[in-house]
Amino acid sequence: MTYCVGIKLDAGLVFLSDSRTNAGLDAISTFRKMMVYEKPGDRFMVLLSAGNLSISQSVREILQVEKLDNGPDEPPLTIWNAKSMFDAVRVLGSAVRRVYDQDGPSLRAAGIDFNASMIFGGQIAGEAMRLFLVYSAGNFIEATRETCFFQVGESKYGKPVLDRMITPHTPLDEAAKCALVSMDSTLKSNLSVGLPLDLLVYEADRLQSDQMVCIDEHNPYFHMIRNTWGQKLRQVFESIEDPHWESGGTTAYPLVVRSGRFEPMRKITNASEKII
């Protein structure tokens, strides 16, 4: 399992991935899930992958040379000559389907699902930034202002903080901090996600990025995030008033109140009693 998140903001893009893969409790390895494709001044693209490692590695290898028919009068379409991120993600989808055609039958024969999901985003000169979520069939959806981040892998633990904090107007540094908190929540709750992490921040319209870092267990900023987030979360939790079960009292937030729509739970007191 793994956890990757890509965030599209007005100010740029944020990508974060872990590096743990496992095929059982005693078969844990470290493999990077992030790939960066950059031609400064022309295009900048990032690929994050989750799922079956052999499928992801094959897709990444093929993607660099994949050619998609672009009509009789046009050269084949690649990620290096695509005029838009939409065309580039079409090439990625073609690479996924090519791997499926090559390996799908043998995987099915071995009882293994063709399982791969990817986040692909970036910017090509002449158009705005775009971010896509690519499924194992090679089809994809695009991030919008209403849904401006995608997750793949073990996403449920890190989603609540992103839902509460991330909007298109969020500054890049704040979004990077939020992504790291999201990752820390996932690391805390799931052993199949692990360090080191790869974090990349891309500023809109630069068509290149030097803001990349590999974060291990000795990284002072991430160490601070892990300690501070847990402490502050505990402080906020303790500041919330405990529930009051007694009627009346001085609380402004009573727990035991009559619902205008639902009846209280009824107890079964003997074998002949029916709830319905």
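In which strand does Ser17 lie? Select residues 12-17: this is strand β2, and Ser17 lies in it. Helices and strands here are DSSP runs numbered from the N terminus, with at least four residues (H or I) for a helix and at least two (E) for a strand.

Before going on, note the ground rules. This is a predicted model, where local features need pLDDT of at least 70, side-chain atom pairs count only at pLDDT 80 or more, and totals for chains, interfaces and linings use all residues. Residues are numbered from 1 along each chain as its sequence is written, and side-chain values use heavy atoms, with hydrogens and water left out.

**Stop 1: Ser17**

Stay on Ser17. Its relative accessibility is 0%, so Ser17 counts as buried. The classes are buried under 20% relative accessible area, exposed over 50% and partly exposed in between, with a 1.4 Å probe and protein chains only. Now show the surroundings. Setting aside residues up to four places away in sequence, Ser17 touches Tyr3, Cys4, Lys33, Met34, Leu48, Met183, Pro196, Leu197 and Asp198. Contact means heavy atoms within 4.5 Å.

**Stop 2: Thr2**

Select Thr2, in the segment before β1 (3-8). Thr2 is buried, at 2% relative accessible area. Which side chain makes a polar contact with the side chain of Thr2? It is that of Lys33, at 2.6 Å. A polar contact is a pair of N or O atoms within 3.5 Å; within protein, one must be able to donate a hydrogen and the other to accept it, and residues adjacent in sequence count only if both atoms are side-chain atoms. Leaving aside neighbours within four places in sequence, the contacts of Thr2 include Asp18, Arg20, Ser49, Val152, Glu154 and Ser192.

**Stop 3: Leu47**

Go to Leu47 in strand β6. Leu47 is buried, with a relative accessible area of 0%. Not counting residues up to four places away in sequence, Leu47 touches Lys33, Met34, Met35, Tyr37, Arg60, Leu63, Leu92, Met118, Ile119 and Phe120.

**Stop 4: helix α1 and its cover**

Select residues 53-63, helix α1. Which of its residues are buried? They are Ile55, Ser56, Val59, Arg60, Ile62 and Leu63. Their cover includes β5 (34-39), β6 (43-51), α2 (85-109) and β7 (116-124).

The axes of α1 and α2 come within 9 Å and cross at roughly 135 degrees. Axes are lines fitted to C-alpha atoms, for helices over the stretch in contact, and angles run from 0 to 180 degrees between N-to-C directions. α1 and α2 are therefore oblique to each other. Angles under 35 degrees count as roughly parallel, over 145 as roughly antiparallel, 65 to 115 as roughly perpendicular and the rest as oblique.

Colour the contact. From α1 it takes Ile55, Ser58, Val59, Ile62 and Leu63; from α2, residues including Val91, Leu92, Ala95, Val99 and Leu107. By class, the contact of α1 with α2 has ten nonpolar, two polar and two charged residues. Here Ala, Val, Leu, Ile, Met, Phe, Trp, Tyr, Cys and Pro count as nonpolar, Asp, Glu, Lys and Arg as charged, and the others, Gly among them, as polar.

**Stop 5: α4 against α5**

Select residues 172-189 (α4) and 220-239 (α5); their axes come within 10 Å and cross at roughly 70 degrees. α4 and α5 are therefore roughly perpendicular to each other. On the α4 side, pick Lys177, Leu180, Val181, Asp184, Ser185, Leu187 and Lys188; they meet Tyr221, Phe222, Ile225, Arg226 and Trp229 in α5. The residues of the contact of α4 with α5 divide into seven nonpolar, one polar and four charged.

**Stop 6: backbone details**

Select Pro196, in the loop between α4 and β11 (197-203). The peptide bond from Leu195 to Pro196 is cis, with omega near 0 degrees.

Move on to the loop between β11 and β12 (211-215), which holds Asp205. Phi of Asp205 is near 75 degrees, a positive value in a residue other than glycine. Leu207 is in the loop between β11 and β12, and its phi is near 60 degrees. Are these two residues buried or exposed? Asp205 is exposed, at 60% relative accessibility, whereas Leu207 is buried, at 10%.
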